[in-house]
Each structure stands twice: as structure tokens, then as C-alpha cells.
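Biologist: I'm new to reading protein models. Could you walk me through one, feature by feature?

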Amino acid sequence: MLREVFWALFPVVAVFAVSQVIMLKLPKRQLKKIVRGMLLVFLGVALFLQGVHVGFLPAGDLLGKTLGSIKHNWILVPLGFLLGFAAVLAEPAVLVLSNQVEEISGGHINKKILLYALAIGVALSVALSMARVLLGISLWYFLIPGYILVIGLAFLSDPAFVGIAFDSGGAATGPMTVTFILALTVGAAKVLENRNPLLDGFGMIALVALTPILAILSLGFLYSRKERNNG
């Protein structure tokens with residue numbers, strides 16, 4: 001794992017090192033802080049990925065199999081909602097995005113409102129994914145209407161929210177969501193009757209990437225209406 005993380009981070013470190021020599025020429029004090037931060041990132045990513053392999057993936061898979069095999073397996077739907085909501089609140093990329101949006105907008109877009117809108121969007125997508133696995137509904141019935149709605153909302157929403165919305169879809173599909181909740185969904189699909197894990201277990205990430213976009217564009221639509229009413 002240490003070797004894999006080293007080679008994954010090597011291009012970024014190499015580009016920074018060349019830029020430091022040619023252009024940046026940062027003072028030693030600042031350079032030491034950056035190097036210390038890179039080492040922490042290296043160790044943190046390595047430990048996180050090791051934890052995913054030995055903990056998160058097996059736990060999610062086992063929980064999905066257990067819940068999928070019980071009589072009242074519909075419990076997967078509300079459980080998926082709660083897990084999706086919690087995963088976003090702990091997602092590093094989402095926290096960074098919400099902080100940057102509040103900073104760049106000068107506080108006009110509150111980071112807590114943005115964060116909870118994303119959390120609700122992802123929670124709904126995970127709940128829908130669990131319902132899709134239980135009922136065997138095709139993924140197209142969610143994706144096609146969803147993206148048609150995205151295009152419509154993009155024209156009605158505040159323009160400042162459009163870029164944020166599409167970035168939020170990528171930020172929400174981070175390691176917390178992909179590792180545990182995807183394993184939970186696939187695990188449930190493995191034990192459900194007449195379900196194929198390859199066809200029914202996967203597709204959750206596509207929904208997780210879609211619903212945050214809808215949530216943020218809806219938030220932008222409300223902001224736009226509020227500004228028109230105030231004007």
C-alpha cells in the first residue's frame with residue numbers, strides 16, 4: 001500500500017519540486033511546512049486505504065448480505081438514507097468544497113446550508129439505490145429523468161450555483177461513500193433472489209453523482225427567487 005500511494009503522489013510532488021526550482025523559489029520555512037504536509041498526506045492516504053481494504057469493504061459487504069437476507073429487508077432503504085447523510089458530513093472533499101464556496105462568495109452562500117443540501121441529496125440517492133436493488137428497477141429510470149431535470153434547473157437556477165452543483169457531484173462521490181456504502185449495496189444484491197450484483201449492485205455512484213447536482217441547483221433556484229422577490 002505504501003508503494004502504491006508513493007507512485008500515486010509522485011507526479012504531484014515531482015511537478016511541485018520542478019516548479020520550486022524554476023519559478024516558485026519559496027523560502028525554506030514555507031517549504032518545510034509544505035514538505036511536512038506532503039508527508040502527512042502520504043501517511044494518511046496509505047493508512048486510510050489499508051483501513052478500507054481490511055475494515056470498511058468487508059464490513060459493508062457483510063452488513064449488506066445480512067440485511068438483504070432477513071425477512072424485513074426493506075430496512076435497507078431508511079438505513080441507506082441515514083448512512084448516506086452521515087457519509088457526506090464526514091466526506092473531506094465535501095467539507096473543502098463548502099468552505100471554499102463560503103469563502104469565495106464572501107459568506108453569501110452559507111457553508112452549512114450547502115453541506116446539508118448535499119447531505120440530503122446523497123441520502124436520497126442511497127435510499128433510491130437500495131430501493132432499486134430490492135425492486136430490480138433499471139438504472140435508466142432514474143438517470144434519464146434526473147439529468148433532464150438537471151438541464152432544466154440549470155437554466156432556472158442562480159448562475160453562481162451551476163458550477164458549484166456539478167463540482168459537488170464529484171465531491172460527494174468520495175472515499176467515505178464509495179467504500180462502505182457501495183460495498184453495502186453490492187452485498188445486499190448478492191443475497192437477494194433474482195438479483196445480479198453486477199447489474200443491480202452497481203450504479204449507486206451514478207445516482208450519488210446526480211442527486212447532489214439536483215440539490216444544489218434547487219438551492220440555487222430558491223436563491224434566485226429570493227433575490228427576485230427582494231428586488
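Biologist: Does K65 count as buried, exposed or partly exposed, and what is its relative accessibility?

Modeller: First, a word on the source: this is a predicted model, where local features need pLDDT of at least 70, side-chain atom pairs count only at pLDDT 80 or more, and totals for chains, interfaces and linings use all residues. Residues are numbered from 1 along each chain as its sequence is written, and side-chain values use heavy atoms, with hydrogens and water left out. Now the idea: buried means under 20% relative accessible area, exposed means over 50%, and partly exposed is in between (1.4 Å probe, protein chains only). K65 has 31% relative accessibility, so it counts as partly exposed.

Biologist: Which residue does K65 form a salt bridge with?

Modeller: Side chains of opposite charge can pair when their charged atoms come close. The cut-off for a salt bridge is a side-chain nitrogen of Lys or Arg within 4 Å of a carboxyl oxygen of Asp or Glu. K65 pairs with D61, and their closest N and O atoms are 3.2 Å apart. These two sit four residues apart in helix 2, so about one helical turn separates them. Helices here are DSSP runs (H or I, at least four residues), numbered from the N terminus.

Biologist: Next topic, then. Which residues of helix 3 are buried?

Modeller: A handy idea first: an α-helix has 3.6 residues a turn, so residues three or four places apart point the same way. In helix 3 the buried ones are L76, G80, G84, A87 and V88. Looking down the axis of helix 3, these buried residues fall within an arc of 95° (taken from the directions from the helix axis to the C-beta atoms), so they line one face of the helix.

Biologist: What covers the buried residues of helix 3?

Modeller: The cover includes helix 2 (28-69), helix 4 (92-104), helix 5 (111-135) and helix 8 (175-191). Contact here means heavy atoms within 4.5 Å.

Biologist: And which residues does N73 touch?

Modeller: Leaving out residues up to four places away in sequence, N73 touches L67, G68, L134 and L192. N73 lies in the loop between helix 2 and helix 3.
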